[in-house]
Amino acid sequence: MKTVALVLAGGIGSRLYPASREDRPKQFLPIGGERSLLART
């Protein structure tokens, strides 16, 4: 399994928009897999 480092920094959510919004923060999105980033950590 390949390990990838990802920094979950704050901000206005413009880089992952429209996937990441105020009601759907990026740490709760399944980016790069089936589970959320938070669940994978």
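Predicted model: local features only at pLDDT ≥ 70, side-chain atom pairs only at ≥ 80, totals over all residues.
Let me start with the whole chain. The protein has 41 residues, and 10% of them count as buried. Its secondary structure comes to 1 helix and 0 strands. For the surface, the protein exposes about 3,900 Å², and 56% of that area is supplied by carbon and sulfur atoms.

Where does S36 sit? You'll find S36 in the segment before α1, the helix that spans 37-40. Is S36 buried or exposed? The relative accessible area of S36 is 16%, so S36 is buried, since the cut-off for buried is under 20%. And which residues does S36 touch, once we leave aside the neighbours within four places in sequence? Those contacts are Q27, F28, L29 and P30.

Next up is I31. With a relative accessible area of 34%, I31 is partly exposed. If you have the viewer open, you could look at I31 together with A19: 12 residues separate the two in sequence, and their C-alpha atoms are 9.6 Å apart in space.

Last stop, the helix itself. A39 lies in helix α1. The relative accessibility of A39 is 45%, so A39 counts as partly exposed. How far apart are the C-alpha atoms of A39 and Q27? The separation is 8.6 Å, for two residues that are 12 residues apart along the chain.

Key
Residues numbered from 1 in each chain as written. Heavy atoms only, no water. Helix = DSSP H or I, 4+ residues; strand = E, 2+ residues; numbered from the N terminus. Buried < 20%, exposed > 50% of the residue type's maximum accessible area, 1.4 Å probe, protein only. Areas by Shrake-Rupley, 256 points an atom, 1.4 Å probe, with all protein chains shown as cover. Contact = heavy atoms within 4.5 Å.
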